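Welcome! Please have a look at the sequence and the model below, and then we can walk through a few of its features together.

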Amino acid sequence: MTIDDAKGYLREHWPSIRSRLIEETYQPQSVKIPKPDGGVRKLGVPCVVDRLIQQALRQVLQEQWDPTFSEHSYGFRPGRSAHQAVAQAQCYIAEGFSCVVDLDLERFFDRVNHDSLMARVAARVSDKRVLKLIRAFLNAG
């Protein structure tokens, strides 16, 4: 479904989607994409509706969590970019530091213990519906 198609779809189906979210019965679709020759692609892509819901969650959580993150963190942060990270690394080198660490948590969400992750999220989020929804996204495949 394209974004343009989603507008009409959401006009028609949003009341039902909203009800399922409120009633805690919403089930995200699997992000696994089948290959034409069999198997499943390594990169998963959520459907448009799931991406919309994830974006809404991100906007709310990021607003309260981002200020608590390290000032040295640049990945997937609002107002920060890879170019800024490189510029900051160059400043550190100019100041006399000799090492810069670049981390890429490849396949992190494929490997992270969901119970441990959810315990950390639950320490910051009290709304059980939000916790259940995040867990549903983690388990969607």
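What pLDDT does the chain average?

## Confidence

This is a predicted model, and the chain averages a pLDDT of 88. A score of at least 70 is reached by 97% of the residues.

Among the elements of the chain, helix α5 (residues 114-122) has the highest mean pLDDT, 95, while α4 has the lowest, 76. As a friendly reminder, where pLDDT is low, the predicted coordinates should not be read in detail.

Let's turn to the surface. V101, L103, L105, F108 and F109 make a nonpolar surface patch of about 580 Å².

One of these residues, F109, belongs to helix α4, which covers residues 108-111. F109 counts as exposed because its relative accessible area of 54% is over 50%. Keep in mind that α4 is the element with the lowest mean pLDDT.

## Cysteines

How many disulfides does a search of the whole structure find? The search finds zero. C91 is in no disulfide, and the nearest cysteine sulfur, that of C99, is 17 Å away.

As for accessibility, C91 is partly exposed at 39%. C47 is also partly exposed, with a relative accessible area of 21%; buried would require a value under 20%.

## The aromatic pair

A search of the whole structure finds one aromatic pair, formed by Y92 and F97. Their rings sit 5.8 Å apart, centre to centre, with 75° between the planes. The pair counts as edge-to-face because that angle is over 60 degrees.

Y92 itself is partly exposed, at 26% relative accessibility.

Note on methods: Residues numbered from 1 in each chain as written. Predicted model: local features only at pLDDT ≥ 70, side-chain atom pairs only at ≥ 80, totals over all residues. Heavy atoms only, no water. Patch = residues over 30% accessible without salt bridge, like charges linked within 9 Å, V, L, I, M, F, W, Y side chains within 5 Å. Areas by Shrake-Rupley, 256 points an atom, 1.4 Å probe, with all protein chains shown as cover. Salt bridge = Lys/Arg side-chain N within 4 Å of Asp/Glu carboxyl O. Helix = DSSP H or I, 4+ residues; strand = E, 2+ residues; numbered from the N terminus. Buried < 20%, exposed > 50% of the residue type's maximum accessible area, 1.4 Å probe, protein only. Disulfide = S-S within 2.5 Å. pLDDT = per-residue confidence, 0-100. Phe/Tyr/Trp six-rings, centres within 6.5 Å; stacked < 30°, edge-to-face > 60°.
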